[in-house]
Amino acid sequence: MSLATVRTRRLTLAVATATVLALGATACGGTTKNDTDKKSGSAVTGKADANAETKKGLKIAFLPKQVNNPYFTIADTAGKKAVEELGSTYQEVGTSSGTDTSGQVSYVNTLTQQQVNAIAVSAQDPGALCTALKQAMKNGVSVVTYDSDTKTDCRQVFVSQASAEDLGRTQVQQMAKQIGGKGEIAILSAAQTATNQNTWIDFMKEELKKPEYKDIKLVKVAYGDDDAQKSFQQTQGLLQEYPDLKGIISPTTVGIKAAAQYLSGSKYKGKVKLTGLGTPNDMRAYVKNGTVDAFELWDPNKLGELAARTAVALQSGQITGAEGQTFKAGGMGTYTIGKDGVVSLGKPTVFDAKNIDQYKF
Amino acid sequence: MTTTAEPVRSAPASRAAGARTLIDKMFKARELAVLAVLVVMLGTTQIYNGEFLSEQGIKDLLLNATILALVATGQAVVVITRNVDLSVGSVLGISAFAAGNYLNGGGSPLLAVLLAVALGALFGLLNGALVSLGKVPALVVTLGTLYIIRGIDSIWVGSRQITADALPEGFVGFGHDGIWAVPYLALLALVVLLAVGYYLRSYRSGRDLYALGSSPEAARLAGVPVRGRIMTAYVLCGALAGLAGALYLARFGNVDSATGNGYELTVVSAVVVGGVAFTGGSGSVYGAALGAVLLTSINSVLPAIGVSSVWVTAINGILLLLAIAVDRILALRVAAVLRKKAAQMRSARHD
Amino acid sequence: MTDTTTKATARRGLGGAVRWDTAVGALFVVLLLCSFSFVDNFGNALNVSFLIGNTLPIALIALPMTLLVVSGEVDLSVGSTAGLSGAVMGALWNEGMSIETIIPLCLLLGVVCGLINGLLVTRLGLPSLAVTIGTMAAYRGIAQIILGSDSVTDFPSQYLDFGAGRIGDTFIPYAALPFLVLLAIAVVVLHATPVGRSLFAIGASEEAARFAGIRVKRLKLSMFVTTGLLSALTGVFWALHYASARYDNATGLELSVIAAVLLGGIDFDGGKGTLGGAIAGVFLLGTLQNVMSLLNVSAQSQIVVTGVLLVVSVLAPRVGRQIAQSRARRKATAVPLRPPAATS
């Protein structure tokens, strides 16, 4: 008998043993989902003094979901301006892919190592960054999430682009207005795992339950993975599968752009309505050629600026992230921290042919 | 690239014409099989959903396939020489941006396309030089250039992007207009495909590529200029990836630093599904193009019959496995037949 | 730095025997020394534990991958197998199954994945590159079907601590201990047992190995199975380390592993390489990445560095060999009467 045979047999034996052990463990009752305790509430410690002086010379790092993503570049540039205005130094790091969660984790670790004072992060995954962010907070780093949140106990404040509820509901209202309150609609989302999109879609479904939308039917949620080509094909598929489709909501800047490009070059142009979240620069051509009536978005400039100011306020001890605390965000006015440590930017702006030329981002 | 010792290769020349036509037939059958699968799949979908093969539907199918088919054509030429080019996705991305950037500055569309092709060819030359001069496994080198070109692209492009409103109207129109249901882009791709197919079949240097892939050593001994031919294959592949980049720009009107990321695996899958074997020396560009059409059509078929898009990846993978398994079994069959024939000939001679 | 080693290899050529893996090992040590003395925040225990923890998934898979590549095969489906095992782990956990049952089941799943790869390669005689590109898509697709958009994060904290924590205040993550054991096993198997010698023999010439009585198919099959098993283990570790089980976990890991293994001097044509080289390659890349991040080198530039290293690592030894060969030939022609030296 050759050694190889022995090896194979041993392997089989090992696997069999492992399985038996596993079954044994089940019999004795192992650790299951029900055993884990669930904690919530944001990671808040210490006391806040709203009148404390704003500290200078802090190191503030921005960690977007993806560097080179135009949307995050806008937000982070505004963040940089605010940080420098407040007399601190700014740095931006991040992965070049939007789904490289492990890369994002190691960046959090690196920033902790570099002893920055605060991190403003847009999380690729609500859970994955937790261990690293908690470690950062333990080392005295203030953690602010913006655009995309983590679990509430892994950061101090979440700067929300607009409340998820507002965003979900207003997109449905916008669509209902464009299609006259009647007909089949579909949603073209980003990746199946995208936290933001999934929350908004839940609120869209909530809104659709209201009696005034009884004639609107949501036929499908398709996923274009924030990839131009995939979003393109998903749009085609939607139109083929549902020839009576009246409108598409795409709550992602990549998706809405791809859908608009497809519609504008097809026979559906102007007949199938499209709305969702997009940036004015991306969508200008399609609004002007009649493919898209109106869409919405918050101002990423303000998002970045607020994230920066929140980070500085945290480090200065003006806030700790508890509900009800207020702080002054420079020229942006005063903001109050809501439930679960969320600061919300306000209602989104609607862009259409009339006002789109006033916005350059 | 790893190649296990293959007992089956193309028939030795001594076994003459009979064997040659048999192999030719088999490869034709292989392409016909892909075509048949494609037709059955599209037919079934049409029965299920009457909108699928409408004028707009056909146009969409062709447009979707165009870009992949072009890159697959180039890739097939490289794979036929028993090499591979993994950097095509990165090359596509950087050429698309270069063309867009040029157009953005007010350049003419024709020159923009030529610029993309030239840039692609340049990167092809780099790959070809590394592979043929360094005699290094193509898989590794082009994995390296995949990273390098993607990195250069991201540094150069940064967070800039080219959007539809920055492009001349005629160029974007070229991206989705056509004659009835046949888009201009598809016509262009077809012309390129036929030209490359003709070159491989009818020119000495084209046939050399097959010889090279069947047995590099034998080809060298037979006087084939190995380095030159490998360079040709890579330059062609790069140029086509560059062209595909320009068409991508016209079609999607949107290019950023992530364009073409991860495209290499789709391309390699299309080529293999289309019957171009990794072991080199067999298959045709027509097969590769058919493979590309088949793969992109699946992406359109699934949503049209209401199957969730989560199935796409799994189906693509299984299809690829099926394709190589079928190829292998066919090859074994042919080998058996050839052996039998040879035995008959030998016994005939003895009589 | 790389340049000098290249030249060194070239100068000594074939006979001089500065082996590539030794060079990589030396390079790694030099990099470590430089980083400890010149890079702020590199040398403390926490950072080193981060470095090791983040590199472990690549290192874990590099073990069986080295053995596989030495025998002339490759497995590109490792990242997907890891993703699939993580996805199944998440899905079963959501079903309320106990984690002590789930983990062995995931490992079993890895064995099955490896078995499928191995059977397709050894029984049907298909090239492993093509097979595993196929299964790479297939396994990832199945993971997506199983877990869909879910992201499972609420694993029990003692397991999460094991996945992400370190021993006291030292630089050693808990998870490094089992890795060291596996490393020791792999080193012994490859370099000190008949199995290892058989793998080298198969990689050098499969035909010859078969005639020498080595059960090539069976051995290769068991290598694929081991790779599947360790990939699944990596998937479990990944989910615990990053406290998140998603279908797209460990995407692209195969390329990192292969890049590292190649950098470590494992020849893709089979038959050559050492585990020491592979592990040096893995940690060289990991450390480089860590250092570049600490020095605020952007992600894009890091990609370029990885690519250049990869190309240089395959180009340098070959160019060196060619120069050595042409010298040998010149010498051979200088002395008449003797037949040309049999190189290669």
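This is a predicted model: local features need pLDDT of at least 70, side-chain atom pairs count only at pLDDT 80 or more; totals for chains, interfaces and linings use all residues.
1. Two residues are in contact when their C-beta atoms, placed from the backbone, lie within 7 Å.

2. Chain A falls into two domains: domain 1 comprises 59-161 + 300-345, and domain 2 comprises 164-297. The C-alpha centres of domain 1 of chain A and domain 2 of chain A are 29 Å apart. To the contact between them, domain 1 of chain A contributes four residues and domain 2 of chain A contributes five. On the side of domain 1 of chain A that touches domain 2 of chain A, two residues are nonpolar and two are polar, with no charged residue.

3. One open sheet of chain A is built from six strands in the order 2-1-3-4-5-13, with parallel pairing. Strand 2 (89-92) and strand 13 (342-344) of chain A are its edge strands, each pairing on one side only. From one strand to the next, the twist averages 20 degrees. Within chain A, strand 3 (residues 118-121) and strand 4 (residues 142-146) are joined in the parallel sense by four bridges. A:A120 has A:V144, in strand 4 of chain A, as its bridge partner.

4. Helix 10 (residues 300-315) of chain A lies across strand 1, strand 3, strand 4, strand 5 (157-160) and strand 13 of chain A. Relative to strand 4 of chain A, helix 10 of chain A runs at about 160 degrees.

5. Chain A also has an open sheet of four strands, ordered 7-6-8-9 and paired in parallel. Strand 7 (216-223) and strand 9 (273-276) of chain A each have a single partner strand, so one side of each is left without a neighbour in the sheet. The twist here averages 25 degrees from one strand to the next. Strand 6 (residues 183-189) of chain A pairs with strand 7 of chain A in the parallel sense over seven bridges. A:S189 has A:Y223 of strand 7 of chain A as its bridge partner. Helix 5 (residues 164-179) of chain A packs on this sheet, where it touches strand 6, strand 7, strand 8 (245-250) and strand 9 of chain A. The angle between the directions of helix 5 and strand 9 of chain A is about 165 degrees.

6. Chain B has 13 helices and two strands. The radius of gyration of chain B is 21 Å, close to the 20 Å that the globule rule gives for 351 residues, so chain B is as compact as a globular protein of that length. Along the principal axes, the C-alpha atoms of chain B fill a box of roughly 80 × 55 × 35 Å. Of the 351 residues of chain B, 54% count as buried. Among the contacts in chain B between residues at least 6 apart in sequence, 80% join residues at least 24 apart.

7. The contact between chain A and chain B takes 27 residues from chain A and 26 residues from chain B. On the side of chain B that touches chain A, helix 2 (55-80), helix 6 (169-176) and helix 12 (285-304) of chain B each supply at least two residues. By class, this side of chain B has five nonpolar, 18 polar and three charged residues.

8. Between chain C and chain B, 45 residues of chain C are in contact with 42 residues of chain B. Helix 6 (128-147), helix 10 (206-211), helix 12 (253-263) and helix 14 (299-334) of chain C each supply at least two residues of the chain C side. Helix 6 of chain C gives the most, with 15 residues. The side of chain C that touches chain B divides into 26 nonpolar, 13 polar and six charged residues.

9. Within chain C, the axes of helix 8 (residues 176-192) and helix 9 (residues 194-204) come within 5 Å and cross at roughly 65 degrees. C:V189, C:L190, C:H191 and C:A192 of helix 8 of chain C make this contact with C:V195, C:G196 and C:L199 of helix 9 of chain C. The contact has five nonpolar and two polar residues, and no charged ones.

Notes. Residues are numbered from 1 along each chain as its sequence is written. Chains are lettered from A and ligands numbered from 1 in the order in which they are written. Domain bounds come from an automatic or database domain assignment. Ala, Val, Leu, Ile, Met, Phe, Trp, Tyr, Cys and Pro count as nonpolar, Asp, Glu, Lys and Arg as charged, and the others, Gly among them, as polar. Two strands pair if DSSP finds at least two bridges between them. Axes are lines fitted to C-alpha atoms, for helices over the stretch in contact, and angles run from 0 to 180 degrees between N-to-C directions. The radius of gyration is taken over C-alpha atoms; the globule rule is 2.2 Å times the number of residues to the power 0.38. A residue is buried if 20 or more other C-beta atoms lie within 10 Å of its own, exposed if 12 or fewer, and partly exposed in between; C-beta atoms are placed from the backbone.
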